[in-house]
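Here are a few exercises to work through with the model open beside you. Try each one before reading its solution.

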Amino acid sequence: MKTVMLGEEAIAPTKILCIGRNYVDHIHELGNEIPEDMVVFLKPNSAISTVLHSEHQGETLHYETELCFMFQQGRFTHVAVGLDLTKRDLQSKLKAKGLPWERAKAFDGGALFSPFVAIDDAEAPLHFSLSINDKLVQEGNIDLMIYKPQTILSELQAFISLDEGDIVMTGTPKGVGSITANSVFNVTLSRGVQASAEPLLEYQWLSV
């Protein structure tokens with residue numbers, strides 16, 4: 001089983017639950033409609049990686065930066081910044097045919113996470129960002145979400161069991177794009193709604 005880091009402890013989530021279309025500007029960015037209900041899809045444990053790949057099986061990958069929560073003891077106890085990697089061209093073809101997205105989302109290496117840090121309240125203001133080669137390309141916060149973390153958790157638990165250590169990715173703000181090899185991806189997480197708020201973590205990947 002693949003693992004993520006919780007302090008010095010390695011945790012093996014049984015699954016990753018992903019929320020799609022949770023930021024209005026990103027919905028418009030991709031030319032989608034605002035959904036009537038929360039969009040949910042899954043990534044398996046095998047999608048977890050520490051290596052940021054720019055392509056998979058010859059297809060260029062796109063990055064989507066997301067606020068990610070870990071489920072423990074019945075609630076969200078820890079938070080990280082994650083990258084939901086996507087085969088955008090394939091996803092568009094599947095969507096056009098009304099088919100599931102898993103081939104474009106659930107592949108090996110399709111989910112990366114910074115270390116997780118403890119939180120007392122999943123609804124507290126949190127700001128996250130992604131810079132590529134020192135250029136800010138994405139930033140978001142809980143206030144911009146259509147579905148807030150506690151609502152997400154309640155809706156998920158209404159139809160699926162969450163196991164200890166499972167991860168919930170809460171959607172991406174505008175600014176998604178393709179990954180170029182040999183680029184430095186730097187993510188930050190702060191407590192507050194501004195980038196200048198109290199820093200919680202900073203983490204970096206080099207794409208290959």
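**Exercise 1.** Work out which residues are linked in a network of salt bridges, then take a look at the pair formed by arginine 88 and glutamate 64.

*Solution.* A salt bridge here is a side-chain nitrogen of Lys or Arg within 4 Å of a carboxyl oxygen of Asp or Glu. The network links Lys43, Glu64, Asp84, Arg88 and Lys105. Next, the pair: the closest N and O atoms of arginine 88 and glutamate 64 are 2.8 Å apart. Both arginine 88 and glutamate 64 are buried (under 20% relative accessible area; exposed is over 50%, partly exposed in between; 1.4 Å probe, protein chains only).

This is a predicted model: local features need pLDDT of at least 70 and side-chain atom pairs pLDDT 80 or more, while totals for chains, interfaces and linings use all residues. Numbering runs from 1 along each chain as its sequence is written, and side-chain values use heavy atoms, with hydrogens and water left out.

**Exercise 2.** Find the salt-bridge partner of aspartate 166.

*Solution.* The partner is lysine 15, with the closest N and O atoms 2.6 Å apart. Aspartate 166 sits in a loop and lysine 15 in a strand, so the pair ties together parts that are 151 residues apart in sequence. Both residues, aspartate 166 and lysine 15, are buried.

**Exercise 3.** Is serine 207 buried or exposed, and what does its side chain reach?

*Solution.* Serine 207 is buried, at a relative accessible area of 0%. A polar atom of its side chain lies 2.9 Å from the backbone nitrogen of serine 183.

Technical notes. Polar contact = N/O pair within 3.5 Å; in protein donor to acceptor, adjacent residues only side chain to side chain. Helix = DSSP H or I, 4+ residues; strand = E, 2+ residues; numbered from the N terminus.
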